[in-house]
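Here are my notes on the model, as numbered points. Please read them with the structure open.

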Amino acid sequence: AAWVTIELSVLTAILGLTCGAFGAAARMSRLAPLRWIGAAYVSLFRGTPALIQIFILYFGGPQIGIQLDSFSAGTIVNIGAYMTETIRGAIVSVDRGQTEAARTLGMSRWETMRKVILPQAARMMIRPLGVNINALIKGTALVAPISVIELTYTAQRFIGSPCALRCRVAGLLYMVIIYVVGQGINWLDRRARIT
């Protein structure tokens, strides 16, 4: 069950970062329709509970031709909207003078973003992304109602020990996973500050 939780967390983090990158690009686009789509995406997924989104996708999906197994439905959660705002926030926090200096040197908008802005923004977004990933790991418990056999589901179903003990063991395993991830985030943050 712990491995399922880890696998679910990794896949959802990858999907969330991908959605977040596209969402941030849309939110910062020069094209107004893309900005509106990005804003609507963030508002929709941050403004509704993740459990409701999972239920709509898993139980409502087949009615519109979307058939997903419980694991796949559980992987698609609202973390992408939070990643969008984290990435966008890091990019806009880079001093505007950096952009002006790069453009003065003759760099295109894309070169400025790729060579000047993103490397600086990447350093600033490590810790906030780590917070999002920690929330994501704890949020994997939300897929228990659709029968994904992860830690919370297993703690509910495990026969032969008191509920309090099962929940403590599950909580301890969540803490271990989050601690390991936190140490990885700290290491990345230290590396980013050195380079």
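1. First, the terms for a surface patch. Patches are made of residues with over 30% relative accessible area and no salt bridge; nonpolar side chains (Val, Leu, Ile, Met, Phe, Trp, Tyr) are joined within 5 Å, like charges within 9 Å. Accessible areas come from the Shrake-Rupley method with a 1.4 Å probe, and for residues only the protein chains shown count as cover. A salt bridge is a side-chain nitrogen of Lys or Arg within 4 Å of a carboxyl oxygen of Asp or Glu.

2. On provenance: this is a predicted model, in which local features need pLDDT of at least 70 and side-chain atom pairs count only at pLDDT 80 or more, while totals for chains, interfaces and linings use all residues. Residues are numbered from 1 along each chain as its sequence is written, and side-chain values use heavy atoms, with hydrogens and water left out.

3. The nonpolar patch. Leu172, Val176, Tyr179 and Val180 make up a nonpolar surface patch. Together they have about 420 Å² of accessible area. Val176 sits in helix H9 (residues 163-194). Helices (H or I, at least four residues) and strands (E, at least two) are DSSP runs, numbered from the N terminus. Val176 is partly exposed, at 44% relative accessible area. The classes are buried (under 20%), exposed (over 50%) and partly exposed (in between), with a 1.4 Å probe and protein chains only.

4. Helix packing around H5. Two packed helices are described by the angle between their axes and the distance between the axes. Axes are lines fitted to C-alpha atoms, for helices over the stretch in contact; angles run from 0 to 180 degrees between N-to-C directions. Helix H5 (residues 79-92) packs on helix H7 (residues 109-139) at about 140°, with the axes 7 Å apart. H5 and H7 are therefore oblique to each other. Angles under 35 degrees count as roughly parallel, over 145 as roughly antiparallel, 65 to 115 as roughly perpendicular and the rest as oblique.

5. Helix H2 (residues 32-47) packs against H5 at about 125°, with an axis separation of 8 Å. That makes H2 oblique to H5. Handedness: H5 passes H7 in a right-handed crossing, and H2 passes H5 in a left-handed one. A crossing is left-handed if the near helix is turned anticlockwise from the far one by less than a right angle, and right-handed if clockwise.

6. Ile87. This residue belongs to helix H5. Ile87 is buried, with a relative accessible area of 10%. Ile87 and Leu129 are 42 residues apart in sequence, yet 8.3 Å apart in space, C-alpha to C-alpha.

7. How many salt bridges does a search of the whole structure find? Five. Arg88 pairs with Glu85, with the closest N and O atoms 3.0 Å apart. Both lie in helix H5, three residues apart, about one turn of the helix. Arg88 is partly exposed at 24%, whereas Glu85 is buried at 18%. Arg27, Glu85 and Arg88 are linked in a salt-bridge network.

8. Glu100 and Arg96 meet at 3.9 Å, N to O. They are four residues apart in helix H6 (residues 96-104), so about one helical turn separates them. Glu100 is partly exposed (49%); Arg96 is exposed (64%). In helix H7, Glu111 and Lys115 are also four residues apart, about one helical turn. The closest N and O atoms of Glu111 and Lys115 are 3.9 Å apart. Glu111 is partly exposed at 27%, and Lys115 is partly exposed at 47%.
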